[in-house]
Amino acid sequence: MRIGIRITSMAILPILVTALVAAGVALTQKQALQKFFAQEIDRQARSEAQKIAQDVYLMCRAAQEALQITINSNLRVAEYVLSQKGKVSFSAEPVVWNAIDQYTQQSRRVELPRLLVGGQWLGQIDAPQVAVPIIDEVHNLVGGTVTLFQRMNKEGDMLRVATNVIDTDGRRAIGTYLPARMPDGRGDPVVASLLQGKTFQGRAFVVNAWHITAYQPIWNPQGSEVIGALYVGVQQESLESLRKGIMDIIVGKTGYVYVLGGRGNQRGRYIISQGGRRDGEDLWEEVDAAGHHFIQEIVKKALEMEETGRGAKIPVTFVSYPWKNPGEDKPRNKVVAISYFEPWDWVIGAGYYESDLKDSQLRLRGAMNRMGYWTGLTALLMMLLAVPAGYFVASGIRNRIDSVLTSVEEILIVTDPHGRIVLLSKPAEELLGLSLKRVSGEVFDRVIPFPNLREAMVAALNQGKSGQRFDFELSNGAGARRIMEGRTSLIQTRVGGAAGMIFIIHDVTDERTMDRMKSEFICTAAHELSTPLASIIGYSELLLNEKELPAETAQEALAYINKKSWALSRIVNDLLDLSRIELGREIPIEKEPVDMHELLRDAEIFGHNLTQKHHFVLELPPEPALLTLDRGKIEQALENIISNAIKYAPGGGLIRIAGRRESDGYLIEISDQGIGMTPEQSTRVFDRFYRADNSTTAVEGTGLGMSIVKHVIEGHGGQVWVKSRLGKGTQVFIKLPWRPQDDEPT
């Protein structure tokens with residue numbers, strides 16, 4: 001290496017020159033390394049804050065989707081209760097309302113016909129303690145807020161005639177209305193949807209607070225005109241678990257996460273503050289230690305970011321400003337990572353103080369000082385030794401530097417300012433298929449074989465900045481793709497010039513894949529849990545409210561509730577087993593002698609109870625087959641496989657269950673005539689969270705079942721594998737250990 005030759009050359013010069021050059025090189029390298037590692041520490045801190053801001057964004061998105069599912073279910077309950085009361089109509093007798101615009105608070109007197117439900121007027125009840133028909137019945141069933149609207153005029157203004165939304169005076173907010181046009185002249189999106197006969201779902205302002213809502217239009221008896229609306233909702237700030245989760249996050253040593261409003265009357269106002277102590281406080285005019293309106297800058301940058309679709313990288317930007325806390329002598333620089341959750345108008349900030357990094361920087365400086373001390377001592381000794389001793393010392397330093405640089409586990413490429421290769425770590429040589437001895441001093445654009453990597457390196461050198469990031473993909477001959485992430489660090493000289501560029505490259509394929517799969521799993525698990533819950537709630541309310549249901553209908557409802565309850569139980573059991581696997585624990589296995597043929601017969605009965613479309617064939621020898629195993633766990637594995645056979649053969653067909661003894665164990669085969677899988681899907685079917693189809697029309701499931709089957713079978717010392725052809729069906733094979741003496745009576 002060139003640096004080794006240089007050290008050796010200096011060692012054989014006159015002792016004084018050698019000492020001075022060694023000291024100068026040590027000082028230069030010390031400063032470069034200090035700057036490099038200081039930048040790395042700052043980069044890691046920024047990366048942590050960025051990931052926290054993105055994680056909070058994902059938390060909000062998951063909470064929004066789960067809450068909207070609940071709201072839609074609540075709306076169906078409200079529609080049912082309203083339909084049971086009778087049709088909506090109007091009486092000839094008018095009633096006078098003091099109608100108040102919920103945005104401007106301006107009031108006006110209007111006279112409207114009385115709105116009747118089943119021929120009954122709901123009155124003008126604003127006392128919270130007085131029960132209101134329909135409204136309080138729905139609230140008692142599902143919670144949240146409920147409102148019945150009456151259309152006021154041709155423009156479509158919607159008047160609250162019955163509600164449990166409470167106004168600032170602590171009364172029911174009847175008489176307030178939702179105007180067709182907002183104060184800025186824009187059409188209200190809720191009213192616009194209703195007048196088009198569409199159901200509105202999403203975030204909306206209700207009287208005095210933001211809610212997650214659903215509005216259903218109410219039509220006249222002829223079905224020709226919208227005469228009102230039915231509303232259900234939940235106040236957005238009532239998501240206590242989400243609020244607590246955000247407040248519990250710590251960024252670095254003393255940093256925290258907060259949420260600000262972005263637009264309207266919430267602009268620059270604390271929605272979630274540190275510990276919740278300043279919630280609701282207006283910070284719009286707040287200034288930092290330099291007199292700068294930093295909150296306005298944070299909100300402005302957040303609103304300028306573009307909303308991303310699902311699966312895309314969540315945009316994050318940074319703002320830094322000097323801030324002096326009460327009791328501190330001088331301001332400290334604070335860095336905030338910002339993301340914007342547009343559906344709720346939430347500006348998310350994850351902030352930390354740069355002074356929190358001082359301990360790491362001091363330890364680094366101490367290490368660099370110790371290195372400088374020992375380098376100086378070495379130089380002094382070199383002055384006292386003869387040339388041969390100096391030669392041997394230089395050789396030792398050269399070998400040590402060579403071993404350190406060549407044993408770096410990172411993919412490391414170092415170039416000079418002109419793009420010539422100075423250093424390649426061993427992993428870099430393996431990735432590029434190049435030898436440092438062969439390409440040292442060559443311009444990288446001529447020797448690096450990957451065009452996308454060359455383009456990224458050229459762009460980085462032209463910009464001459466540290467901290468640049470870039471991604472590129474590699475593929476082997478089999479078509480497998482690897483995602484590589486690179487970052488740059490500028491090597492600067494003592495006078496501030498550029499001495500070269502360091503490119504550090506990581507293989508992030510597994511990280512990106514796991515992040516995507518976990519995000520998909522969170523959404524899938526929320527859907528899988530909410531769907532049976534909504535069904536159970538709906539059918540149980542039907543049984544509670546309809547006392548004279550036909551016995552057959554009631555039995556069907558109970559059977560459906562039982563089926564969905566077992567579905568919930570299976571999901572929870574899968575999650576518990578997964579948690580044990582994630583913690584490195586084995587799934588508990590309690591073995592006992594069990595007749596395998598009896599278990600397979602029970603599995604066939606289980607399948608019959610799940611479907612009427614499929615035909616089951618059971619192929620077993622006449623004699624029993626005693627195996628020592630955990631009955632419950634094997635039942636769970638068989639039920640998972642049979643459930644999959646039913647779900648992935650939606651059109652019905654034959655499901656074959658067979659078992660037989662073999663010389664090396666007991667073989668079970670379960671086959672179906674379903675949709676089958678591709679070879680790539682077959683190889684990944686036992687991966688955690690893996691689902692072959694993640695579309696909205698996919699077969700329901702969490703992607704855990706076959707992973708747990710594999711752990712259960714391997715926990716018994718057995719094997720499980722699949723054979724499948726796309727469009728032809730799937731075969732699942734299980735081989736369990738069996739010895740002839742297992743059949744002997746005990």
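I worked from a predicted model, where local features need pLDDT of at least 70, side-chain atom pairs count only at pLDDT 80 or more, and totals for chains, interfaces and linings use all residues. Residues are numbered from 1 along each chain as its sequence is written, and side-chain values use heavy atoms, with hydrogens and water left out.

**Salt bridges**
I searched the whole structure and got 27 salt bridges. The criterion is a side-chain nitrogen of Lys or Arg within 4 Å of a carboxyl oxygen of Asp or Glu.

I looked up Arg 114 and Glu 93, whose side chains form a salt bridge at 3.3 Å, N to O. This pair links distant parts of the chain, with Arg 114 in strand β2 (residues 107-117) and Glu 93 in strand β1 (residues 88-101), 21 residues apart. Strands here are DSSP runs of E, at least two residues; helices are runs of H or I, at least four residues; both are numbered from the N terminus. Glu 93 has a relative accessible area of 44%, so I logged Glu 93 as partly exposed. For that scale, buried is under 20% relative accessible area, exposed is over 50%, and partly exposed is in between (1.4 Å probe, protein chains only).

Next came Glu 662 and Lys 735, with a salt bridge at 2.8 Å, N to O. Glu 662 is in strand β24 (residues 653-662) and Lys 735 in strand β27 (residues 729-736), so the bridge ties together parts 73 residues apart in sequence. Lys 735 is buried at 13%, whereas Glu 662 is partly exposed at 23%.

I then checked a pair within one helix. Glu 297 and Lys 301 form a salt bridge, with their closest N and O atoms 3.9 Å apart. They are separated by about one helical turn because they sit four residues apart in helix α6 (residues 294-304). Glu 297 is partly exposed at 25% relative accessibility. Lys 301 is also partly exposed, at 28%.

I also noted a salt-bridge network linking Glu 598, Asp 602, Arg 631 and Glu 635.

**Helix crossing**
I turned to helix α16 (residues 631-647) and helix α18 (residues 705-715). Their axes come within 9 Å and cross at roughly 145°. Axes are lines fitted to C-alpha atoms, for helices over the stretch in contact, and angles run from 0 to 180 degrees between N-to-C directions. I listed the contacts (heavy atoms within 4.5 Å). On the α16 side they include Ile 634, Ala 637 and Ile 641; on the α18 side, Met 706, Val 709 and Val 712 are among them.

**Ring pairs**
The whole-structure search gave 14 aromatic pairs. Rings of Phe, Tyr and Trp (its six-membered ring) pair if their centres lie within 6.5 Å; planes under 30 degrees apart are stacked, over 60 edge-to-face, and the rest tilted.

Tyr 215 and Tyr 231 make a tilted pair, 5.0 Å centre to centre with 45° between the planes. Tyr 215 is in strand β8 (residues 209-219) and Tyr 231 in strand β9 (residues 226-235), so the pair ties together parts 16 residues apart in sequence. Both tyrosines, Tyr 215 and Tyr 231, are buried.

Phe 341 and Trp 344 have ring centres 5.3 Å apart and planes at 90°, so I logged the pair as edge-to-face. Phe 341 is buried at 1%, and Trp 344 is buried at 0%. Ring pairs join Tyr 57, Phe 341, Trp 344 and Trp 346 into a cluster.
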